[in-house]
Amino acid sequence: MGSRTVQTDTLELTTTIFGAYDANIRKIEETFGVEIVNRDGAIVITGEQAQADKAAEAVEYLKKIALLNGEVTDQNVGYVTGMVSDGRQEELAELDDDTVCMTIKGKP
């Protein structure tokens with residue numbers, strides 16, 4: 001068992017990442033087989049180390065999306081978890097302030 005921590009600066013950011021009724025976090029927990037909790041301004045992820053690392057990476061990307069857009073949609077969560085699960089994180093790294101979405105071929 002391992003754990004990872006993702007720092008969030010505000011309760012509002014944490015709430016946005018967790019989603020309504022924690023739906024976003026539940027999807028990440030199910031996808032990666034980890035447990036995620038909010039603890040003192042941080043999102044703590046526990047589980048098998050490799051899976052906790054992947055889940056933390058997904059949460060980091062969702063944090064970036066929340067900071068850029070002010071919200072995280074179910075579609076965002078599905079896209080990010082799918083990309084991280086498939087090992088395609090480099091495509092997520094291309095997301096920036098100017099990217100609206102990614103094409104099916106992975107182009108911003």
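This is a predicted model: local features need pLDDT of at least 70, side-chain atom pairs count only at pLDDT 80 or more; totals for chains, interfaces and linings use all residues.
Me: How do you know where confidence is highest and lowest in the chain?
Reply: The guide is pLDDT, the predictor's confidence in each residue, from 0 to 100. The chain averages 86, and 86% of the residues score at least 70. Helix H2 has the highest mean, 96, and helix H5 (residues 89-92) the lowest, 76.

Me: What makes up the secondary structure of the chain?
Reply: There are 5 helices and 3 strands, in the order β-α-α-β-β-α-α-α from the N terminus. Helices (H or I, at least four residues) and strands (E, at least two) are DSSP runs, numbered from the N terminus.

Me: Why is Val 77 called buried?
Reply: Buried means under 20% relative accessible area, exposed over 50%, and partly exposed in between (1.4 Å probe, protein chains only). Val 77 has a relative accessible area of 0%, and is therefore buried. This residue of helix H4 is in contact with Asn 24, Lys 27, Ile 28, Leu 62 and Val 72, leaving aside neighbours within four places in sequence. Contact here means heavy atoms within 4.5 Å.

Me: Why is Ile 25 classed as it is, and what does Ile 25 touch?
Reply: The relative accessible area of Ile 25 is 2%, so this residue is buried. Ile 25 lies in helix H2 and touches Ile 17, Phe 18 and Ile 36, not counting residues up to four places away in sequence. The C-alpha atoms of Ile 25 and Ala 55 are separated by 9.6 Å, although the two are 30 residues apart along the chain.

Me: How do you know on which side of H2 the buried residues lie?
Reply: In H2 (residues 23-32), the buried residues are Asn 24, Ile 25, Ile 28, Glu 29 and Phe 32. They cover an arc of only 135 degrees around the axis, and so lie on the same side of H2. The arc is that of the directions from the helix axis to the C-beta atoms. An α-helix has 3.6 residues a turn, so residues three or four places apart point the same way. The buried residues of H2 pack against helix H1 (11-18), strand E2 (35-39), helix H3 (49-69) and helix H4 (74-85).

Me: What makes Arg 4 and Asp 53 a salt bridge?
Reply: The term requires a side-chain nitrogen of Lys or Arg within 4 Å of a carboxyl oxygen of Asp or Glu. In this pair the closest N and O atoms are 3.2 Å apart. The pair links distant parts of the chain, with Arg 4 in strand E1 (residues 2-7) and Asp 53 in helix H3, 49 residues apart. A search of the whole structure finds 1 salt bridge. Arg 4, at a relative accessible area of 31%, is therefore partly exposed, and Asp 53, at 28%, is likewise partly exposed.

Me: How do you know that E2 and E3 are paired?
Reply: Two strands pair if DSSP finds at least two bridges between them, and 5 bridges join E2 to E3, which run antiparallel. Ile 36 stands opposite Ile 45 in E3. The strands form a hairpin with 2 residues between them, and Asp 40 in the turn has a positive phi of about 50 degrees.

Me: Why is Gly 47 called buried?
Reply: Gly 47 has a relative accessibility of 4%, and therefore counts as buried. Gly 47 is in strand E3 (residues 42-47). Leaving aside neighbours within four places in sequence, Gly 47 is in contact with Met 1, Gly 2, Val 34 and Ala 52.

Conventions: Residues are numbered from 1 along each chain as its sequence is written. Side-chain values use heavy atoms; hydrogens and water are left out.
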